Amino acid sequence: MTDPVTSTTAAKKVTVPMVRARKRSRGDQPIVMLTAYDTPGAHIADAAGVDVILVGDSVANAVLGHADTLQVDVAAMAHHVGAVGRASPRALVVGDMPWLSYHVSAEDAVRNAAVLIRAGAEAVKLEGGRRRLAVVEALMAAEIPVMGHLGLTPQSVHAMGGYRVQAKSTPAAEALMNDAKALAAAGCFAIVLEGVPDVVAGRVTDEVGIPTIGIGAGAACDGQVLVFHDLLGLRQGAPAKFVRQYADLTAVAVTAIASWAADVRGGSFPSEAETYHLPPEH
Ligand code: KIV
């Protein structure tokens, strides 16, 4: 829509149907999805023009210092979804369903997803394929859009025996393909493919009618997702092979804070201009 005063064109709010329609095979641009977990992060991601903000359960590792994503529950996710939602981003806000919030029953899953929707999510994401069909169908029946997540699913870390690239054998690649087709048929609007060989991700992308969004899944997917703190260099330790780090914000922040500490210790902070004074008659 064009503003009649400024003649600038406001970018349109990204919706679930807009994301569902995006396939590179139809000439569409790749979908750009980034995680964010709080209001400043959502503002930054939105100002950079991402299409989708995922409030991922990776908040457990990236922000809360846990070793895996199993440590966050629905209340913790709702807390972060709310913070992102209050930024009112143009990007679509997807809330991650944490471990055990959709594994007990479909009814439980709908109630838990509703908590994330009321907190500010416009869709939810959950991990797993055919064994999640009843849950996906129940969510669809409750008008809650669902993004699937296949391949290296971090909530299955113990079942997988660690964070390992998945679908490397022919039977495993076939199973992944069948899971993707089943999720698409059940009504998912997109599927994250994590930690799978590029050829396998490419075949899935070619054969399902909904977009695939890759992370460690090669260049053939319909979109890409990265974790905010990985992309910006706000993590400790070496990043995974699939991460491209575009900035070293840890170094920028350390330099800024060290400069302030030196000013405090040297007596040059606060200055006159940074100080409140009583009015002159006092
Ligand atoms: O929680 C998360 O950040 C995710 C992405 C890695 C897709 O699920």
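**Ground rules.** I number residues from 1 along each chain as its sequence is written, and side-chain values use heavy atoms, with hydrogens and water left out. As the model is predicted, local features need pLDDT of at least 70 and side-chain atom pairs count only at pLDDT 80 or more, while totals for chains, interfaces and linings use all residues.

**Entry 1, Asp51.** I found Asp51 in the loop between helix H2 (39-47) and strand S2 (52-55); helices (H or I, at least four residues) and strands (E, at least two) are DSSP runs, numbered from the N terminus. Asp51 is buried at 11% relative accessible area (buried is under 20%, exposed over 50%, partly exposed in between, with a 1.4 Å probe and protein chains only). I then looked up its contacts (heavy atoms within 4.5 Å): beyond neighbours within four places in sequence, they include Val14, Arg22, Pro30 and Leu92.

**Entry 2, strand S3.** Next came S3 (residues 92-96), where 5 of 5 residues are buried.

Strands pair if DSSP finds at least two bridges between them. S2 and S3 pair in parallel over 4 bridges, and Val55 has Gly95 as its bridge partner in S3. S3 also runs parallel to strand S4 (residues 123-125), joined by 3 bridges; here Val94 is partnered by Ala123. From S3 the chain passes through helix H5 (residues 106-119) to S4 in a right-handed β-α-β crossover (with the strands pointing away from the viewer, the path from the first strand over the helix to the second runs clockwise).
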